[in-house]
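Biologist: I'd like to learn how to read a protein model. Could you take me through one, feature by feature?

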Amino acid sequence: MGSDYAFETKSLTFSYDGKTNAVANADLGVRRGRITAVLGANGCGKSTLFSLLCRLLKPTSGGIFLDGVPAEKIPRRAFAQEVAIVHQYNTAAEDITVKKLVSLGRTPYHGLFQPGLSEEDSRQISRAMELSDVTAFADRPVLSLSGGQRQRVWLAMALAQNTKGLLLDEITTYLDIYYQLELMKLIRSLNKTLGITVLMVLHDLNQAIRYADDCILMKDGAVLSQGPTADTVTAESVFNVFGVKAKMETVNGNKLCVFE
């Protein structure tokens, strides 16, 4: 697929039971410096694909590549210095403060039990909180914040890793529409200003249409199609993937998927 890709998979296959493939012979590429959304119906393999890319699961066969290097050959600490991850579900200790949680993003650079923070650690922590607009909450317990505010804190922890890649798993789920849009705008801003490559699993087609440069459509564990969002998310592909009729409309200059 070439050097323009930050993440690639080749014939990636994974089975939970040795019989049925949750991901089947997936060839995909995530272009460097762009936002790519993974879309598909429930049970299509999105979450399994995400877990494979995060190295939480080991492929049954095929390969995952980061900047052309097989992922399994990259030490975990080195991988964490290149790729940050925000999951859909996150838990924090009852009394942990925002700043303390964000500081855990520096763990790949010095280990979990090294005492104290370096000057570079402190700089990256402050930068991450500013970028995510959570500096005002620095001394508050994470669990005292609203759902949308908490997601920005988890994003700040990922940004503290100062990586070139960011993997996001349905991080707008369970948020109200205000916080969904706020978070998506923040992700777009980070992508544009920092050049971070973003791969995000999404449920909302219109969020993908508005904020993703590229899309990957999955069905029955396979990659059905991938490419620029405008070319990939069409009335025909929406019907093929989700089984619902839709049409594409333009409202105030923005393309939208309208369900019939």
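Biologist: Let's start with helix 7. Which elements do the buried residues of helix 7 pack against?

Modeller: Keep in mind that this is a predicted model. To place a helix, look at what its buried residues touch. Here the partners are strand 3 (35-39), strand 7 (165-169) and strand 8 (197-201), together with helix 5 (119-131), helix 6 and helix 8 (205-211).

Biologist: And which residues of helix 7 are buried?

Modeller: Tyr-179, Gln-180, Leu-183, Met-184, Leu-186, Ile-187, Arg-188, Leu-190 and Asn-191 are.

Biologist: How far apart are the end C-alpha atoms of helix 7?

Modeller: They're 25 Å apart. Helix 7 covers residues 177-194, so at 1.5 Å a residue its 18 residues should span 26 Å, and the two values agree.

Biologist: What goes on at the ends of helix 7?

Modeller: The N-terminal end is capped by Asp-176, which has a side-chain oxygen 3.1 Å from the backbone nitrogen of Tyr-178. Just past the helix, Gly-195 has a positive phi of about 75°.

Biologist: How many bridges join strand 1 to strand 2?

Modeller: Seven, and strand 1 (residues 5-15) runs antiparallel to strand 2. Take Thr-9, which sits in strand 1: its bridge partner in strand 2 is Leu-28.

Biologist: Is Thr-9 buried or exposed?

Modeller: Buried, because its relative accessible area is 0%, and the cut-off for buried is under 20%. A polar atom of the Thr-9 side chain also lies 2.8 Å from the backbone oxygen of Ala-26.

Biologist: What about nonpolar side chains?

Modeller: In soluble globular proteins, they tend to be buried together. In this model, the largest nonpolar core has 51 residues, and Val-98, Val-102, Leu-155, Leu-168 and Met-200 have the most contacts inside it. Helix 6 (residues 147-159) gives the most to this core, seven residues. Apart from that core there's another, of 26 residues, including Val-30, Phe-50, Ile-74 and Leu-199.

Biologist: Which residues does Val-102 touch?

Modeller: Leaving out residues up to four places away in sequence, Val-102 touches Ile-125, Ala-128, Met-129, Val-153, Ala-156, Met-157 and Ala-160.

How values were computed. Residues are numbered from 1 along each chain as its sequence is written. This is a predicted model: local features need pLDDT of at least 70, side-chain atom pairs count only at pLDDT 80 or more; totals for chains, interfaces and linings use all residues. Side-chain values use heavy atoms; hydrogens and water are left out. Two strands pair if DSSP finds at least two bridges between them. Helices (H or I, at least four residues) and strands (E, at least two) are DSSP runs, numbered from the N terminus. A nonpolar core is a set of buried Ala, Val, Leu, Ile, Met, Phe, Trp, Tyr and Cys residues joined through side-chain atoms within 4.5 Å. Buried means under 20% relative accessible area, exposed over 50%, partly exposed in between (1.4 Å probe, protein chains only). Contact means heavy atoms within 4.5 Å. The expected span of a helix is 1.5 Å times one less than its number of residues. A polar contact is a pair of N or O atoms within 3.5 Å; within protein, one must be able to donate a hydrogen and the other to accept it, and residues adjacent in sequence count only if both atoms are side-chain atoms.
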